[in-house]
Amino acid sequence: MHRLLGYFLIVYGVAMSTYFGIWSFIDYFALEQAVAAKVEHAEVRHRLNVGFEGVWFLLSNLVVIEGVKMASKSKVNKQE
């Protein structure tokens, strides 16, 4: 069961990393346009979006790492 959950976490994490990565690039390019146009309100909005999407991107990668850990666990009989 842990392996199945691990595989699910890998797929979910990769999908979410892709999603937030794409939006990070979209907002970054919009940020560059807002800076060039000197539109302060749009600049602040896009700076926040890029920052928070980067955080979600990194958290999604942590989900992938946890999924790999769960999927690669082997059953070991522990004798105490």
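Which residues form a nonpolar patch on the surface, and about how much accessible area do they have together?

Author: V44, L48, F52, V55, W56, L59, L62 and I65 form the patch. Together they hold about 800 Å² of accessible area, by the Shrake-Rupley method with a 1.4 Å probe, with only the protein chains shown as cover for residues. Patch members have over 30% relative accessible area and no salt bridge; nonpolar side chains (Val, Leu, Ile, Met, Phe, Trp, Tyr) are joined within 5 Å, like charges within 9 Å.

A word on the basis. This is a predicted model, where local features need pLDDT of at least 70 and side-chain atom pairs pLDDT 80 or more, while totals for chains, interfaces and linings use all residues. Residues are numbered from 1 along each chain as its sequence is written, and side-chain values use heavy atoms, without hydrogens or water.

I65 sits in helix α2, helices being DSSP runs (H or I, at least four residues; strands are E, at least two) numbered from the N terminus. I65 counts as exposed because its relative accessibility is 57%, with exposed meaning over 50%, buried under 20% and partly exposed in between (1.4 Å probe, protein chains only).

Now the helix itself. α2 covers residues 40–71. Its 32 residues reach 46 Å from first C-alpha to last, close to the 46 Å expected at 1.5 Å a residue; the expected span is 1.5 Å times one less than the number of residues.

α2 also has a buried set. A42, E43, H46, E53, S60, V64, G67, M70 and A71 make up that set. The cover over them includes α1.

E53 lies in α2 and is buried, yet has no salt bridge. The nearest side chain of opposite charge is R45, 10 Å away; Lys and Arg count as positive, Asp and Glu as negative, and His and the chain ends are not counted. Leaving aside neighbours within four places in sequence, E53 touches F20, W23, S24 and D27.

Salt bridges do occur elsewhere. The structure has two, each a side-chain nitrogen of Lys or Arg within 4 Å of a carboxyl oxygen of Asp or Glu. One joins R47 to E43, with the closest N and O atoms 2.9 Å apart. Both residues lie in α2, four residues apart, about one turn of the helix. R47 is partly exposed, since its relative accessibility is 46%. E43 is among the buried residues of α2.

The other bridge pairs K69 with E66, at 3.8 Å from N to O. K69 and E66 are separated by about one helical turn, because they stand three residues apart in α2. K69 is partly exposed at 45%. E66 is partly exposed too, at 35%.

Finally, the partner helix. α1 runs over residues 2–37. Its end C-alpha atoms are 51 Å apart, which agrees with the 52 Å that its 36 residues should span at 1.5 Å a residue. L5 belongs to α1 and is partly exposed, with 40% relative accessible area. L5 and M70 are 65 residues apart in sequence, but 7.4 Å apart in space, C-alpha to C-alpha. M70 is one of the buried residues of α2. Just after α1, K38 takes a positive phi of about 55 degrees.

Conventions: Contact means heavy atoms within 4.5 Å.
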